[in-house]
Amino acid sequence: MTGPDNGISVTHQLEPHDWSNEDTAAYEAAVEAVNGAVGAYSALIAAEEAKPDPDQKVIQSAHDAQARLAREREALRSTDPAQIAAARQHYARLARQIREGLA
């Protein structure tokens with residue numbers, strides 16, 4: 001295996017994977033669903049920070065959730081259609097719940 005400092009991209013180490021247009025769209029939609037939840041937390045943070053006496057616990061909790069979501073987004077595997085479908089549904093629902101103040 002080639003080291004990271006040889007100037008060659010690590011993408012040459014990836015396994016081949018054939019993507020259909022549908023697979024590509026589903027994966028991108030899953031990533032966007034996670035991004036939507038991250039954005040909902042950003043809105044929550046901004047709203048809390050705009051208050052005269054912001055609750056730092058709410059802000060920290062939202063930042064922690066964003067970090068967790070970033071890790072979960074990185075764990076998405078385009079080769080796992082069931083995971084992608086579940087992620088699309090879960091994160092879209094989570095974003096709605098955050099916006100509605102339920103999460």
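Leaving aside neighbours within four places in sequence, with which residues is E48 in contact? The residues in question are D53, P54, D55, V58 and I59. This briefing concerns a predicted model of a protein chain that has three helices and zero strands.

**Overall architecture**
- The elements of the protein chain follow the order α-α-α from the N terminus on.
- The protein chain comprises 103 residues, of which 22% count as buried.
- Among contacts between residues at least 6 apart in sequence, 62% join residues at least 24 apart.

**Packing of α1 with α3**
- Two packed helices are described by the angle between their axes and by the distance between those axes.
- For helix α1 (residues 21-49) and helix α3 (residues 81-99), the angle is about 20 degrees and the axes lie 8 Å apart.
- The two helices, α1 and α3, are therefore roughly parallel to each other, the limit for that description being under 35 degrees.
- The crossing in which α1 passes α3 is left-handed.
- On the α1 side, the contact is made by A26, Y27, A29, A30, A33, V34, G36, A37, A40, Y41 and L44.
- On the α3 side, I84, A87, R88, Y91, A92, L94, A95, I98 and R99 take part.
- By class, 17 residues of this contact between α1 and α3 are nonpolar, one is polar and two are charged.

**Packing of α1 with α2**
- The axes of α1 and α2 come within 9 Å and cross at roughly 170 degrees.
- This angle makes α1 roughly antiparallel to α2, because angles over 145 degrees are counted in that way.
- The crossing of α1 and α2 is left-handed.
- From α1, the residues that meet α2 are V31, V34, N35, A37, V38, Y41, S42, L44, I45, E48 and E49.
- Their counterparts in α2 are V58, I59, A62, H63, A65, Q66, R68, L69 and R73.
- The contact of α1 with α2 divides into twelve nonpolar, four polar and four charged residues.

**Largest nonpolar core**
- In soluble globular proteins, nonpolar side chains tend to be buried together.
- The largest nonpolar core in this model has 21 residues, and Y41, L69, L76, Y91 and L94 touch the most other members.
- Two or more residues of this core come from each of α1, α2 (56-74) and α3.
- Helix α1 gives the most to the core, with ten residues.
- Not counting residues up to four places away in sequence, L69 touches V34, A37, V38, Y41, Y91 and L94.

**Buried residue E48**
- E48 lies in helix α1 and is one of the residues through which α1 meets α2.
- The relative accessible area of E48 is 8%, and E48 is therefore buried, the cut-off being under 20%.
- Among the contacts of E48 beyond four places in sequence are V58 and I59, both of which also belong to the α2 side of the helix contact.

**Buried residue A87**
- A87 is placed in helix α3 and takes part in the contact with α1.
- A relative accessibility of 6% means that A87 counts as buried.
- Leaving aside neighbours within four places in sequence, A87 is in contact with A30, A33, L76 and A92.
- A87 and L76 are eleven residues apart along the chain, and their C-alpha atoms are separated by 8.1 Å.

How values were computed: Residues are numbered from 1 along each chain as its sequence is written. This is a predicted model: local features need pLDDT of at least 70, side-chain atom pairs count only at pLDDT 80 or more; totals for chains, interfaces and linings use all residues. Side-chain values use heavy atoms; hydrogens and water are left out. Axes are lines fitted to C-alpha atoms, for helices over the stretch in contact, and angles run from 0 to 180 degrees between N-to-C directions. Helices (H or I, at least four residues) and strands (E, at least two) are DSSP runs, numbered from the N terminus. Angles under 35 degrees count as roughly parallel, over 145 as roughly antiparallel, 65 to 115 as roughly perpendicular and the rest as oblique. A crossing is left-handed if the near helix is turned anticlockwise from the far one by less than a right angle, and right-handed if clockwise. Contact means heavy atoms within 4.5 Å. Ala, Val, Leu, Ile, Met, Phe, Trp, Tyr, Cys and Pro count as nonpolar, Asp, Glu, Lys and Arg as charged, and the others, Gly among them, as polar. A nonpolar core is a set of buried Ala, Val, Leu, Ile, Met, Phe, Trp, Tyr and Cys residues joined through side-chain atoms within 4.5 Å. Buried means under 20% relative accessible area, exposed over 50%, partly exposed in between (1.4 Å probe, protein chains only).
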